[in-house]
Amino acid sequence: MSEAPVGVVTGAGSGIGRAAAERLLADGARIAGWDRRAESLSWLDGTPDAITEAVDVTDAEQVSAAAAAVGERWGRVDFVVNSAGIFLVGPVAEVAPEAVRTLFDVNVVGTTVVTQALLPMLVASRGAVVNLSSTVGLRASATNAHYAASKAAVAHLTRCWALELAPHRVRVNALAPGPIGTEIYTSAGMDPDAVRALLERRAADIPLGRVGTTAEVALWISRLIADEWVTGQVIAVDGGMSVG
Ligand SMILES: NC(=O)c1ccc[n+]([C@@H]2O[C@H](COP(=O)([O-])OP(=O)(O)OC[C@H]3O[C@@H](n4cnc5c(N)ncnc54)[C@H](O)[C@@H]3O)[C@@H](O)[C@H]2O)c1
């Protein structure tokens, strides 16, 4: 490809999305960073190869306007990283149905809305989709069933879309990270001490003995975009947690 590739990263204001945007910019890509919190994207201000947009991924109108803005600016989209996501913890006896709806709306419907809006440009460029599943989307969890189910849905959408879009030469893969200390837990209402305790407990369950970093996931996001003969894979980046 003679021109620098163009990609959209959702959830680029924090955590894995931000690390992915940093990594992909360092790889030489041009990046549209989307997040529902406009202020979280200010770290991209003044970056020549980046544009930002306050976008709620569940809002099809906002997403389609933002997709059009990327098309107008650069005339192409080569990849999308669907990192916008939320967490929910709670036993089935107590969980609020409305919280479950919101969870699936962001993690499953949002991933769909964004991919759908960018699809014509992804088909034109024979591009790549990278979704964010989770170790708990591959392996059952007793403490966050609905979050785990939303991430299992993302994993299976990934495999199904890979088959559906292979004739267009669009590749679809996902990362399934193990636990990483980002804002996702406090944004879900957990207090910082509970998050620290959770991550310590999780670390004890991980064969390599520690939680991961956002940069470790971003490296694989970059690889999945670059490798042109991998599709339909959900790659665990989790210190061995999913096989333990
Ligand atoms: N942190 C972990 O332990 C972990 C593990 C496995 C998978 N994941 C997944 O990785 C992805 C990123 O998580 P993270 O840990 O970086 O979380 P994070 O909270 O640090 O970042 C998520 C970003 O998404 C944005 N966002 C949330 N809802 C949105 C919406 N409706 N529209 C647009 N933006 C929205 C938030 O504002 C935030 O900036 C999520 O899909 C998450 O499920 C995280």
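Trainee: Which residues does N144 touch, not counting residues up to four places away in sequence?

Mentor: This is a predicted model, where local features need pLDDT of at least 70, side-chain atom pairs count only at pLDDT 80 or more, and totals for chains, interfaces and linings use all residues. Residues are numbered from 1 along each chain as its sequence is written, and side-chain values use heavy atoms, with hydrogens and water left out. Contact means heavy atoms within 4.5 Å. On that basis N144 touches F87, L88, V89, V136 and R202.

Trainee: Is N144 buried or exposed?

Mentor: Buried means under 20% relative accessible area, exposed over 50%, partly exposed in between (1.4 Å probe, protein chains only). N144 has 3% relative accessibility, so N144 counts as buried.

Trainee: With which side chain does the side chain of N144 make a polar contact?

Mentor: A polar contact is a pair of N or O atoms within 3.5 Å; within protein, one must be able to donate a hydrogen and the other to accept it, and residues adjacent in sequence count only if both atoms are side-chain atoms. At 2.6 Å, the partner of N144 is the side chain of S141.

Trainee: Where do the buried residues of α7 fall, seen down its axis?

Mentor: The buried residues of α7 are V195, L198, L199, R202 and A203. The arc is that of the directions from the helix axis to the C-beta atoms. These residues line one face of the helix, because they fall within an arc of 135°.

Trainee: Which residue caps the N-terminal end of α7?

Mentor: Look at the backbone nitrogen of D193. A side-chain oxygen lies 3.0 Å from it, and that oxygen belongs to D191.

Terms used
Helices (H or I, at least four residues) and strands (E, at least two) are DSSP runs, numbered from the N terminus.
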